[in-house]
Amino acid sequence: MKTQIKQHFASCLCQSVQLSFAEPVNWIAHCHCTMCQKANGAAFVTWLGINKEKFEITKGKSYLSWYQSSADASRAHCKNCGTPMLFTSSRWKDEVHVSRALVDTTLSHPVDCHAFYDTHVNWSTTDPDLPKRGGQSGTEPLNE
Ligand SMILES: [Zn+2]
Ligand SMILES: [Zn+2]
């Protein structure tokens, strides 16, 4: 039996930057870290983790502007429309993180957990039953 590898597509608001990646997605998490909150102007950001070799910028690479948001991490947004799109870090050196909301294809992988939940805002709630993680790494199990 032939294995069908599903290809997914993602894009920014103005469509200048287009991305493609193949399943499997490693994980999907709501990130509540304070830098994601600022960088996205949002209560939290939902990221998906994909192995770098399964990921490709298919259009508009020159539209991506990279900002080094901490010593070991960078974020990319579209220069034309401002959409926050990608995150890379030496902490996850084999992965690129793509904003889940930008995916145009049907992705069946569910959200796995909350990350960096220690710093979640108190004015927004979502998926209250998902596992909550935090601590130094942002991914240690939290007892609530
Ligand atoms: Zn754009
Ligand atoms: Zn974050």
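**Figure 1. Phe116 in the loop between strand E10 (113-115) and strand E11 (133-134).** The model shown here and in the other views is predicted. Although Phe116 is not a glycine, its phi is positive, at about 50°. Most residues other than glycine have a negative phi. Phe116 counts as buried because it has 23 C-beta neighbours inside 10 Å, and the cut-off for a buried residue is 20 or more.

**Figure 2. Gln15 in the loop between strand E1 (7-11) and strand E2.** Gln15, which is not a glycine, has a positive phi of about 70°. Is Gln15 buried or exposed, or does it count as partly exposed? With 15 C-beta neighbours inside 10 Å, Gln15 counts as partly exposed, because that class lies between the limits of 12 or fewer for exposed and 20 or more for buried.

**Figure 3. The cis peptide bond from Glu23 to Pro24.** Omega for this bond is near 5°. Most peptide bonds are trans. Pro24 lies in the loop that runs between strand E2 (18-22) and strand E3 (27-31).

**Figure 4. The open sheet of three strands, in the order E1-E2-E5.** Pairing in this sheet is antiparallel. E1 and strand E5 (55-59) stand at the edges and each has a single partner strand, so one side of each is left without a neighbour in the sheet. From one strand to the next, the twist averages 25°. E2 and E5 run antiparallel and are joined by four bridges. Leu19 stands opposite Ile57 in E5.

**Figure 5. Ser20 in strand E2.** Ser20 has 16 other C-beta atoms within 10 Å and is therefore partly exposed. Which residues is Ser20 in contact with, leaving aside its neighbours within four places in sequence? They are Gln7, His8, Phe9, Glu56 and Thr58. Between Ser20 and Lys52 there are 11 Å in space, C-alpha to C-alpha, and the two are 32 residues apart in sequence.

**Figure 6. The largest nonpolar core, with 26 residues.** The residues with the most contacts inside this core are Val17, Cys31, Trp47, Ile50, Met85, Leu86 and Val98. At least two residues of the core come from each of E2, E3, strand E4 (45-51), strand E7 (73-78), strand E8 (84-89) and strand E9 (95-99). E4 gives the most, with four residues.

**Figure 7. Trp47 and the residues it touches.** Not counting residues up to four places away in sequence, Trp47 touches Ala29, Cys31, Phe87, His97, Val98, Ser99 and Arg100. Trp47 is also one of the residues with the most contacts inside the largest nonpolar core.

**Figure 8. The whole protein chain, with one helix and twelve strands.** From the N terminus on, the elements run β-β-β-α-β-β-β-β-β-β-β-β-β. The radius of gyration is 15 Å, close to the 15 Å that the globule rule gives for 144 residues, so the protein chain is as compact as a globular protein of that length. The C-alpha trace spans about 45 × 40 × 25 Å along its principal axes. Of the 144 residues in the protein chain, 30% are buried. Among contacts between residues at least 6 apart in sequence, 55% join residues at least 24 apart.

Definitions and conventions
Residues are numbered from 1 along each chain as its sequence is written. Chains are lettered from A and ligands numbered from 1 in the order in which they are written. This is a predicted model: local features need pLDDT of at least 70, side-chain atom pairs count only at pLDDT 80 or more; totals for chains, interfaces and linings use all residues. Two strands pair if DSSP finds at least two bridges between them. Axes are lines fitted to C-alpha atoms, for helices over the stretch in contact, and angles run from 0 to 180 degrees between N-to-C directions. A nonpolar core is a set of buried Ala, Val, Leu, Ile, Met, Phe, Trp, Tyr and Cys residues joined through C-beta atoms within 7 Å. Two residues are in contact if their C-beta atoms, placed from the backbone, lie within 7 Å. The radius of gyration is taken over C-alpha atoms; the globule rule is 2.2 Å times the number of residues to the power 0.38.
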